[in-house]
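Me: Hi! I've got a structure open and would like to talk it through with you. Could you take a look with me?

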Amino acid sequence: MEPNINGFTLKGLKTMMGRDGYMVNCTLLFNGKKCGDFLDQGDGSEYTFYPAEGFTQRGIENALSRFPLIDTHDEEFNLPPMHWNIGILVDRLIGIKETLKEFRKAQKKGYELAIVTNNRTNGYYTVLVPPASSDEALGKVIDDGMRKKGIDDYSWKRYRSEDDLTESYIELKLEDLM
């Protein structure tokens with residue numbers, strides 16, 4: 001299973017620490033077809049996207065703008081929800097790849113996985129979940145744990161299968177990206 005969001009996947013992902021964040025180099029695919037190459041130099045500047053023949057950055061970004069807004073959970077600066085862009089898409093796909101690794105480790109031990117996200121810091125905790133546990137019981141355990149840590153703004157998601165790692169928001173066709 002290759003993590004995907006509405007048919008978008010990554011190929012040839014390479015990362016390393018840069019001066020101001022991670023450097024990222026990869027190819028963005030839509031339903032297996034190359035859309036372009038993505039480069040973030042990890043120096044605080046914007047990413048660069050090199051569209052493949054027949055695609056345009058504007059076409060891809062217009063398609064992504066139809067995705068639901070992303071809640072920033074930012075009360076301190078009162079930031080509004082964000083629109084999707086290619087950089088956010090790539091970042092989210094990298095996160096899904098990391099979650100998939102954690103999920104597979106949990107599966108080898110006979111567990112499911114829950115990810116609990118601190119919405120203020122965007123940090124997260126992984127929780128190994130016995131498959132027989134109900135969502136209600138898991139929610140109570142997570143509530144107690146987060147209360148003990150003094151964290152009141154969090155969200156969690158349970159992963160029972162690799163299919164739970166696929167995100168789909170709208171129907172997209174190849175023509176939408178050109």
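Predicted model: local features only at pLDDT ≥ 70, side-chain atom pairs only at ≥ 80, totals over all residues.

Me: Which cysteine sulfur is closest to the sulfur of Cys35, and how far away is it?
Reply: The closest cysteine sulfur is in Cys26, 11 Å away, too far for a bond. A disulfide here is a pair of cysteine sulfur atoms within 2.5 Å, and the count comes to 0 by that rule. Residues are numbered from 1 along each chain as its sequence is written, and side-chain values use heavy atoms, with hydrogens and water left out.

Me: Thanks! Is Cys35 buried or exposed?
Reply: Cys35 is buried, at 0% relative accessibility. Cys26 is buried as well, at 1%. Buried means under 20% relative accessible area, exposed over 50%, and partly exposed in between, with a 1.4 Å probe and protein chains only.

Me: How much of the chain is buried, then?
Reply: Buried residues are 37% of the 178 in the chain.

Me: What covers the buried residues of H1?
Reply: The cover includes S1, strand S3 (33-40), S4 and H2. The buried residues in H1 are Gly59, Ile60, Glu61, Ala63 and Leu64. As background, an α-helix has 3.6 residues a turn, so residues three or four places apart point the same way.

Me: And how many aromatic pairs are there?
Reply: There are 3. The rule takes rings of Phe, Tyr and Trp (its six-membered ring) with centres within 6.5 Å; planes under 30 degrees apart are stacked, over 60 edge-to-face, and the rest tilted. One of the pairs is Phe8 with Phe30, which is tilted, at 5.1 Å centre to centre and 55 degrees between the planes. That pair links distant parts of the chain, with Phe8 in strand S1 (residues 8-18) and Phe30 in strand S2 (residues 21-30), 22 residues apart. Both Phe8 and Phe30 are buried.

Me: Why is the pair of Phe67 and Trp84 edge-to-face?
Reply: Because the planes of Phe67 and Trp84 are at 70 degrees, with ring centres 5.1 Å apart. Phe67 and Trp84 both sit in the loop between helix H1 (57-64) and helix H2 (86-108), 17 residues apart, and both are buried.

Me: Last one: what does Pro51 touch?
Reply: Leaving out residues up to four places away in sequence, Pro51 touches Cys35, Gly36, Thr56 and Gln57; a contact means heavy atoms within 4.5 Å. Pro51 is in strand S4 (residues 48-51) and is partly exposed, with a relative accessible area of 38%. Its C-alpha is 9.2 Å from that of Leu28, 23 residues apart along the chain.

Definitions and conventions: Helix = DSSP H or I, 4+ residues; strand = E, 2+ residues; numbered from the N terminus.
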